[in-house]
Each structure stands twice: as C-alpha cells, then as structure tokens.
Amino acid sequence: SAEDLERFIDLQEAGVIPDSQRSVLFVLGRYTEGQVSSPEDLDVFLAELERRGLSGRYQWMICAFGVNETACLAYAVSRGGHVRVGFENNRLHPDGRLAITNAERVLEVKQELEKAGNGFAVEAEVHALLGNPQLAEA
C-alpha cells in the first residue's frame, strides 16, 4: 500500500533499512477472492515517490492480480518500471481463459510488451537490477 511505501522510505531515511536497498515491488491488489487489479492502482505509489522527491531513486517493479494483469504490467513498463509475472498472483489471460502453465502467462505478457517496443532483461541483468551483483556475475 502507499502507507507501506511511506513506512519503507521513513525507515530507510532513519537508517533502519540500508540506503543500498533500491529495489522495491509494488503489489497492485491483494490475495482476495475475485481481486482484479487496475493499471491506475500504480499511480498512488508513483505519486508518493514524486511527493517525496524520490522519483528516480528506486528500481521498481509491480505484480498484479486478475484479468487486467497484462494491462497493469504494460502500464508499469510505460511508466519506467519493471514487472513480475507468475501464477502466485494470476492465472488468467486478459480474455478470462485460465492459463495452464506459468510459461503461457509469461509469453502472453512478453508478446504484449514487445508490441510496444519494450525489451527484456536476461538473468544477469535481473540480478543486477535487484542488487545482487555477485549473482549477476555468476
């Protein structure tokens, strides 16, 4: 939630969370029956970063729930973020069909993002983005 982000930033500014922690995950929604995230759910997080003058400080990514997951992920990428896709949040395609494998969802999201001209990080790049340089070099 936006309150969680505020608390995270406050703890980081107080030195409780190391300043080196620059990767955050914004969860659009909750694990509730029938949860459907909306792309605009991201705006509260970005507004909080903007309000505090921290827009460029973090590498951020999102995950989302329900049939709007792909739209949410595409919106996040268009706003400069990264995405996480997987069955832990959603098993539905945008048309409501149930995905049989996680790979189906990943491929569908990949194709949607490619249509918009977006690239993809390989494993080493992902580790670097997440602040795991020792894994990035492995």
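Colleague: Which ring does the charged end of arginine 91 sit over?

Modeller: Bearing in mind that this is a predicted model, the charged end of arginine 91 sits over the ring of phenylalanine 87, at 4.6 Å from the centre of that ring.

Colleague: How many aromatic pairs does a search of the whole structure find, and how should I read such a pair?

Modeller: In general, a pair of aromatic rings is described by how far apart the centres are and by the angle of the planes. Here the search of the whole structure finds 3 aromatic pairs. In one of them, phenylalanine 26 and phenylalanine 45, the ring centres are 4.5 Å apart and the planes are at 10°, so this pair is stacked. Because phenylalanine 26 belongs to strand E1 and phenylalanine 45 to helix H2, the pair ties together parts that are 19 residues apart in sequence. Phenylalanine 26 counts as buried at 3% relative accessibility, and phenylalanine 45 counts as buried at 5%. Ring pairs also link Phe26, Phe45 and Trp60 into a cluster.

Colleague: Where is leucine 49, and which residues does it touch?

Modeller: Leucine 49 is in helix H2, which covers residues 43-51, and at 2% relative accessibility it counts as buried. Leaving aside residues up to four places away in sequence, leucine 49 touches Leu5, Ile9, Phe26, Leu54, Ser55 and Tyr58; Phe26 in this list is the residue whose ring is stacked with that of phenylalanine 45.

Colleague: Which residues of helix H3 are buried, and where do they fall when seen down the axis?

Modeller: In helix H3, residues 69-78, the buried residues are Glu69, Thr70, Cys72, Leu73, Ala76 and Val77. Seen down the axis of H3, these fall within an arc of 160°, so they line one face of the helix. The buried residues of H3 pack against strand E1 (23-28), strand E2 (59-64), strand E3 (82-83) and helix H4 (102-115). Just after H3, glycine 80 takes a positive phi of about 100°.

Methods. Residues are numbered from 1 along each chain as its sequence is written. This is a predicted model: local features need pLDDT of at least 70, side-chain atom pairs count only at pLDDT 80 or more; totals for chains, interfaces and linings use all residues. Side-chain values use heavy atoms; hydrogens and water are left out. Buried means under 20% relative accessible area, exposed over 50%, partly exposed in between (1.4 Å probe, protein chains only). Helices (H or I, at least four residues) and strands (E, at least two) are DSSP runs, numbered from the N terminus. The arc is that of the directions from the helix axis to the C-beta atoms. Contact means heavy atoms within 4.5 Å. Rings of Phe, Tyr and Trp (its six-membered ring) pair if their centres lie within 6.5 Å; planes under 30 degrees apart count as stacked, over 60 as edge-to-face and the rest as tilted. A charge sits over a ring if NZ of Lys or CZ of Arg is within 6 Å of the ring centre and within 35 degrees of the ring normal.
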